[in-house]
Amino acid sequence: MTQPSAQLRMPGMPWRRWAPVSRSRLSPGAEVEYVGRIAGGPRYGAMGVVKGVLARRALVDMGMSGKWLVPYYFLGVPGEAA
């Protein structure tokens, strides 16, 4: 049996356009998408470039939004749906 090549869209289910990030998959210069929803934080879906990789967070430059220390579970790699 082969794995399906695309994720199905179901009504009422969120569509993930990104794959979760771990420290081992991330390196400086990588493009990431912010997928958190925290008041006072970056806008959901904001794109940024990783400037530094720490133990539990990454330093992400989000352009006009500034530089943020973001936990890995709030980041995704765009274009790699899980």
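Which residue in β5 is the bridge partner of Ala58? The partner of Ala58 in β5 is Val70. This pair belongs to a predicted model, in which local features need pLDDT of at least 70, side-chain atom pairs count only at pLDDT 80 or more, and totals for chains, interfaces and linings use all residues. Residues are numbered from 1 along each chain as its sequence is written, and side-chain values use heavy atoms, with hydrogens and water left out.

**Overall composition**

The chain contains zero helices and six strands, in the order β-β-β-β-β-β from the N terminus. Helices (H or I, at least four residues) and strands (E, at least two) are DSSP runs, numbered from the N terminus. Of the 82 residues, 29% count as buried; buried means under 20% relative accessible area, exposed over 50%, and partly exposed in between, with a 1.4 Å probe and protein chains only. The accessible surface of the chain is about 5,900 Å², and 57% of that surface belongs to carbon and sulfur atoms. Accessible areas come from the Shrake-Rupley method with a 1.4 Å probe; for residues, only the protein chains shown count as cover. Among contacts in the chain with a separation of 6 or more, 45% are between residues 24 or more positions apart. Contact here means heavy atoms within 4.5 Å.

**Strand pairing**

Two strands are taken to pair if DSSP finds at least two bridges between them. Strand β2 (residues 31-34) pairs with strand β3 (residues 47-53) in the antiparallel sense over three bridges, and Val32 stands opposite Gly48 of β3. Strand β3 is also joined to strand β4 (residues 57-61) by four bridges, again antiparallel. Within that pairing, Val50 has Val60 of β4 as its bridge partner. The hairpin of β3 and β4 has three residues between the strands.

**Nonpolar core and aromatic residues**

A nonpolar core is a set of buried Ala, Val, Leu, Ile, Met, Phe, Trp, Tyr and Cys residues joined through side-chain atoms within 4.5 Å. The largest such core has 13 residues, of which Leu26, Val60 and Leu75 touch the most other members. Strands β2, β4 and β6 (75-78) are the elements that give two or more residues to this core. Leaving aside neighbours within four places in sequence, Leu26 is in contact with Val21, Val32, Val50, Val53, Ala58, Tyr72 and Leu75. In soluble globular proteins, nonpolar side chains tend to be buried together.

The structure holds two aromatic pairs. Rings of Phe, Tyr and Trp (its six-membered ring) pair if their centres lie within 6.5 Å; planes under 30 degrees apart count as stacked, over 60 as edge-to-face and the rest as tilted. Tyr34, Tyr73 and Phe74 form one aromatic cluster. Elsewhere, the charged end of Arg37 sits over the ring of Tyr44, 4.0 Å from the ring centre. That description requires NZ of Lys or CZ of Arg to be within 6 Å of the ring centre and within 35 degrees of the ring normal.

**Individual residues**

Arg57 counts as partly exposed because its relative accessibility is 39%. Leu59 is likewise partly exposed, with a relative accessible area of 29%. Ser24 counts as exposed, at 71% relative accessibility.

Beyond the neighbours within four places in sequence, Arg57 is in contact with Leu69, Val70, Pro71 and Tyr72. With the corresponding neighbours left aside, Leu59 is in contact with Val49, Val50, Lys51, Gly52, Lys67, Trp68 and Leu69.

| Residue pair | Separation in sequence | C-alpha to C-alpha distance |
|---|---|---|
| Arg57 and Arg23 | 34 residues | 8.2 Å |
| Leu59 and Pro71 | 12 residues | 9.0 Å |
| Ser24 and Val53 | 29 residues | 9.5 Å |
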